[in-house]
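Subject: A structure for you to look at

Hi there,

Here is the structure I promised to pass on to you. Please open it beside this email and follow along as you read.

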Amino acid sequence: MEELRLNAALLRRRVPNLTTAAKAVGIRPATVSNLCTGKIDLGKAEVRTLVGLAALANCTVDELIIRGEKMKMIETKIKALDFFAPLVKGGTTGIVARPGMGQLVIVAELLHRFKKNGLNTVFLTPAHSREELEGTVELADHITSSIAETLEFLKANKENMVLFTDKSRVDSGELFELQEELGHETVTTVLVDLLGEVVDDDFPFGPLETVWQLDADLAARHQYPALSPLHSASSLLEEAELDERHFQLRQRVQKTLRRYRELRSIVQAHGFSRIPQTELETYQKGERLEAYFTQPFYVAEELMKVKGQSVPLEQTLLDAEAILNGQADAREVKDLQFIGAL
């Protein structure tokens, strides 16, 4: 069967204020967001939705749909990111979080890892200086302060480039101008929101290939990186475009963690006595999975007093499968926290 996906890059370039535009023609922004990340199968999208989006982008429906083109993944070797919402090479990823949930630590870690892995990074700073970025932007290979400067640099250095910037550059429309100017290039973009406003948006950042949504409960319990396994998404996986085994494993893990969270609420309110014996195994597996997907970062070694760890995706898949199959049942939950591979 031919693989279909929405041309999110074209929507970004053609319709900068897509949230307002979509609402104006009767399309729910959340629907557009889910079509971009693949949460909604494009084959199941309503015809009127596709026709409406094509009209907004001033293109044909055929131009709005990409057929058979395989996307590629940038492997970060951060277990939670690679497993639940892989980074799409050449795509745009948004981190959805409120301040204090660890998004800047993730950005710093990515800058550190990309440099080690031969990827070139550019940080386009916000128009107004932000103190919280101190110590983070310096990890980038190149720091720019304007769209013109960024564009000049990216045009001269297109190969294996990753651009980081703040939501303020999206709101101003400058990022869309930059992407329009670059066209279909190989620049991967990662967006942060220093003010934490996108959490309340029904279409954070506009069309995205990957959404990394951080979880307030995980952050409060210091389970870092606090990536939500249930609300983070990537177009690489939602339509099983990357790897069928990965897709199936992710579904199994999400199912276990979803039920674990429900059971955890019961335990917190009433204790373990209210959990049916038949559900105890699910609770314990969920507890171990949640612990396993924490990870020590290189940039936090001094603070955490734990050596940073990198885990290839293939190893993460093996480990997740082992936990689901009960091969880690003999290990204490605390022994699975902030480790690398099993």
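Below are some notes on helix packing and on a few backbone details.

Before you start, please note that this is a predicted model, in which local features need pLDDT of at least 70, side-chain atom pairs count only at pLDDT 80 or more, and totals for chains, interfaces and linings use all residues. Residues are numbered from 1 along each chain as its sequence is written, and side-chain values use heavy atoms, with hydrogens and water left out.

**Two helix pairs**

Two packed helices are described by the angle between their axes and the distance between the axes. Axes here are lines fitted to C-alpha atoms, for helices over the stretch in contact, with angles running from 0 to 180 degrees between N-to-C directions. Helices (H or I, at least four residues) and strands (E, at least two) are DSSP runs, numbered from the N terminus.

Start with helix H14 (residues 277–292) and helix H16 (residues 313–324), whose axes come within 9 Å and cross at roughly 160 degrees. H14 and H16 are therefore roughly antiparallel to each other (angles over 145 degrees count as such, and those under 35 as roughly parallel). In H14, Lys 285, Arg 288, Leu 289 and Tyr 292 are in contact (heavy atoms within 4.5 Å) with residues of H16, including Asp 319 and Ile 323. The residues of this contact between H14 and H16 divide into 5 nonpolar, 2 polar and 3 charged (Ala, Val, Leu, Ile, Met, Phe, Trp, Tyr, Cys and Pro count as nonpolar, Asp, Glu, Lys and Arg as charged, and the others, Gly among them, as polar).

Next, helix H8 (residues 147–156) packs with helix H10 (residues 174–182) at an angle of about 30 degrees, their axes 10 Å apart. That makes H8 roughly parallel to H10. Among the H8 residues that meet H10 are Ile 147 and Leu 151.

**Backbone details**

Most residues other than glycine have a negative phi, and most peptide bonds are trans. Lys 77, in the loop between strand E3 (73–74) and helix H6 (79–84), has a positive phi near 65 degrees. Phe 205 also has a positive phi, about 70 degrees, and is found in the loop between strand E9 (188–192) and strand E10 (210–213).

Buried or exposed: which is Phe 205? Phe 205 is buried, with a relative accessible area of 5%, while Lys 77 is partly exposed at 32% (buried means under 20%, exposed over 50%, partly exposed in between, with a 1.4 Å probe and protein chains only).

Finally, the peptide bond from Tyr 224 to Pro 225 is cis, with omega near -5 degrees. Pro 225 lies in the loop between helix H11 (216–220) and strand E11 (233–234).

Happy exploring!

How values were computed
Parallel < 35°, antiparallel > 145°, perpendicular 65-115°, else oblique.
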